[in-house]
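Dear colleague,

I am passing on the structure below for your files.

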Amino acid sequence: MIIRKAAGEIERMARAGEVVADTLALLGEHARPGVTTQQLDELADDFIRSRGGTPTFKGYRGYPASICASPNSMVVHGIPSMYALREGDILSVDVVATKNDFVADSAYTFAIGEISDD
């Protein structure tokens with residue numbers, strides 16, 4: 001069933017989406033060699049909350065982090081850790097935030113420094 005949204009609801013959905021998009025942009029600025037996925041998680045948690053949102057992953061069915069961070073061939077929805085990013089890594093990040101009762105979700109894959117064509 002499709003539930004039509006009122007203009008105000010669509011606006012609230014967009015605000016939640018902005019938090020997620022801005023979080024991914026911020027993480028992209030900080031995802032570089034030497035930074036741990038745990039540091040990125042902490043950055044995302046602080047940023048989402050500073051924008052009036054809640055990191056939806058945190059606590060969901062016991063999930064311990066605010067984002068999912070999956071370096072290289074790790075299966076999606078990896079738990080952030082003390083893994084330090086290295087030149088040539090590929091990092092997939094999934095961010096979900098709740099704001100004003102709406103949930104927004106998006107993921108992006110970042111190249112860490114120079115990566116090979118493979």
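Helices (H or I, at least four residues) and strands (E, at least two) are DSSP runs, numbered from the N terminus. This is a predicted model, in which local features need pLDDT of at least 70 and side-chain atom pairs count only at pLDDT 80 or more, while totals for chains, interfaces and linings use all residues. Residues are numbered from 1 along each chain as its sequence is written, and side-chain values use heavy atoms, with hydrogens and water left out.

Overall fold. The chain has two helices and four strands, in the order α-α-β-β-β-β along the sequence. Its C-alpha trace spans about 45 × 30 × 25 Å along the principal axes. Of the 118 residues, 36% count as buried, where buried means under 20% relative accessible area, exposed over 50% and partly exposed in between (1.4 Å probe, protein chains only). Taking contact as heavy atoms within 4.5 Å, 55% of the contacts between residues at least 6 apart in sequence join residues at least 24 apart.

Backbone. Two residues are worth a look.
- Arg61 is not a glycine, yet has a positive phi of about 50°. Arg61 sits in the loop between strand S1 (54-55) and strand S2 (67-71), and counts as exposed at 76% relative accessibility.
- His77, also not a glycine, has a positive phi of about 75°. His77 lies in the loop between S2 and strand S3 (90-99), and is partly exposed at 44% relative accessibility.

Aromatic rings. A search of the whole structure gives two aromatic pairs. Rings of Phe, Tyr and Trp (its six-membered ring) pair if their centres lie within 6.5 Å; planes under 30 degrees apart count as stacked, over 60 as edge-to-face and the rest as tilted.
- Phe57 and Tyr63 have ring centres 5.6 Å apart and planes at 50°, so this pair is tilted. Both Phe57 and Tyr63 are buried.
- Tyr108 and Phe110 have ring centres 4.8 Å apart and planes at 55°, so this pair is tilted. Tyr108 is partly exposed, with a relative accessible area of 48%, whereas Phe110 counts as buried at 11%.

Regards
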